[in-house]
Amino acid sequence: MTELIDQLSHFAQTIVQGKEPKTQITNCYANYSQNTAIEVYRNNYRGNLHDALAGAYPVIKLLVGDDFFRMLALKFIEHNPSRSANLHHYGAELPDFVASFEPAQALAYLSDTATLEWACHCAYFANDAPLFNLAQLAQFAPDQHPYLVFDLHPATRIVRSLYPISAIWLAHHPDAEVDFQIDLNSGSCIALVCRRFNKVEVINLSEPEAYWLHQILTETPLGGSTMTTLEHYPDFNLQTTLVKLVEMNVITGVKLGA
Amino acid sequence: MEKNQILSVAISGLLALGLAGTANAADNKPEMEKCFGIAKAGMNDCSGSKSSHSCAGQASKNNDPMDFVAVPKGTCNKIANGSLTDGGGVVKKAM
């Protein structure tokens, strides 16, 4: 058993890191030398992971161009072997990798944009949730309202950045205008990733909305969440926030908390 | 406003909008949710004619990607003030 593990580990190192094979690898194609066969295998391995990254990070690919993206991807693949049998799980560490990737240092917003893209990628594959039924909310009496706890759609993600990453993401949306004008100095943003009618959407949240939603995410009851938010942000408008989050399919259910 | 009143006003506001049929996602016909495991277009496609081209664009030799000068050439050029110097200061670029 140990021998098999050792052999598989050597084979993996040969493929992933390009090391010389330590043991003879049986090659069933007589026309190929062992080295050629390994190169073909390695390039398929890299090609598949590159394509998985390109599928998860289409905006990053457009931002930096195909050649740069390919180089970035190959460097990433070298240091990050696939750890799941599901290729959709591959690439979670790319935002951190981008942040430390020397050739991308000039593009300060790239790592945060990648974080947003990964959130969108995860949102796409997140579990389904039932649509919110307002009748469910209507059944509670006013004195029960402070104790209500909202269920949020599993696709919901919040990404903060010093840069206008939602505008960057939206500018690269297939339906977006080809010519966009974004000034990186236009300020920070809080991007809310959500999914409604099978489409991942990105909208901006205000600071009070994000503060409130963070508490709702941790299942703090409505009364406590709202009061704490109002203490910090007296301008917080609960009604518009509720309407927005129901419309965006972020709130999917409500129950009476313990 | 009293604490409970804030909540109740907001909730009745939401319900009123919902009853008017303008703000309730549930009022829209639920579209078919995607089948679990279906890939995004062009992604994770390991079957059919595409798989034989999975290494398209990958040279058959192991090429060092650092061999060519690494300069991003995509839409990042369109983002104003998008390039930082090594010192971290924002470089003003002509649009």
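I count two residues as in contact when heavy atoms lie within 4.5 Å. The model I am reading is predicted.

Entry, Leu63(A). I listed the contacts of Leu63(A), leaving aside its neighbours within four places in sequence. In chain A, Leu63(A) touches Tyr109(A), Leu110(A), Thr113(A), Ile168(A) and His172(A). The list also holds residues of chain B, namely Gly74(B), Thr75(B), Cys76(B) and Ile79(B).

Entry, cores. I then looked up the largest nonpolar core, which has 56 residues. Leu63(A) is among the members that touch the most others, along with Tyr57(A), Phe69(A), Tyr109(A), Leu110(A) and Leu116(A). Helix H4 of chain A, residues 66–79, supplies the largest share of this core, with 8 residues. I checked the domains as well: domain 1 (1–93) and domain 2 (108–258) of chain A each give this core at least three residues. I noted a second, separate core of 35 residues, including Leu137(A), Phe150(A), Leu222(A) and Ile251(A). In soluble globular proteins, nonpolar side chains tend to be buried together.

Entry, sheet. I traced an open sheet of 3 strands in chain A, ordered S2-S4-S5 with antiparallel pairing. Strands S2 (157–161) and S5 (199–205) of chain A are its edges, each pairing on one side only. From one strand to the next the twist averages 25°. Between S4(A), residues 189–196, and S5(A) I found 7 bridges, with the two strands antiparallel. Opposite Leu192(A) stands Ile203(A) of S5(A).

Entry, helix H9. I followed helix H9 of chain A, residues 207–217, and found that it lies across S2, S4 and S5 of chain A. Helix H9 runs at about 140° to S2(A).

Key: Residues are numbered from 1 along each chain as its sequence is written. Chains are lettered from A and ligands numbered from 1 in the order in which they are written. This is a predicted model: local features need pLDDT of at least 70, side-chain atom pairs count only at pLDDT 80 or more; totals for chains, interfaces and linings use all residues. Side-chain values use heavy atoms; hydrogens and water are left out. Two strands pair if DSSP finds at least two bridges between them. Helices (H or I, at least four residues) and strands (E, at least two) are DSSP runs, numbered from the N terminus. Axes are lines fitted to C-alpha atoms, for helices over the stretch in contact, and angles run from 0 to 180 degrees between N-to-C directions. A nonpolar core is a set of buried Ala, Val, Leu, Ile, Met, Phe, Trp, Tyr and Cys residues joined through side-chain atoms within 4.5 Å. Buried means under 20% relative accessible area, exposed over 50%, partly exposed in between (1.4 Å probe, protein chains only). Domain bounds come from an automatic or database domain assignment.
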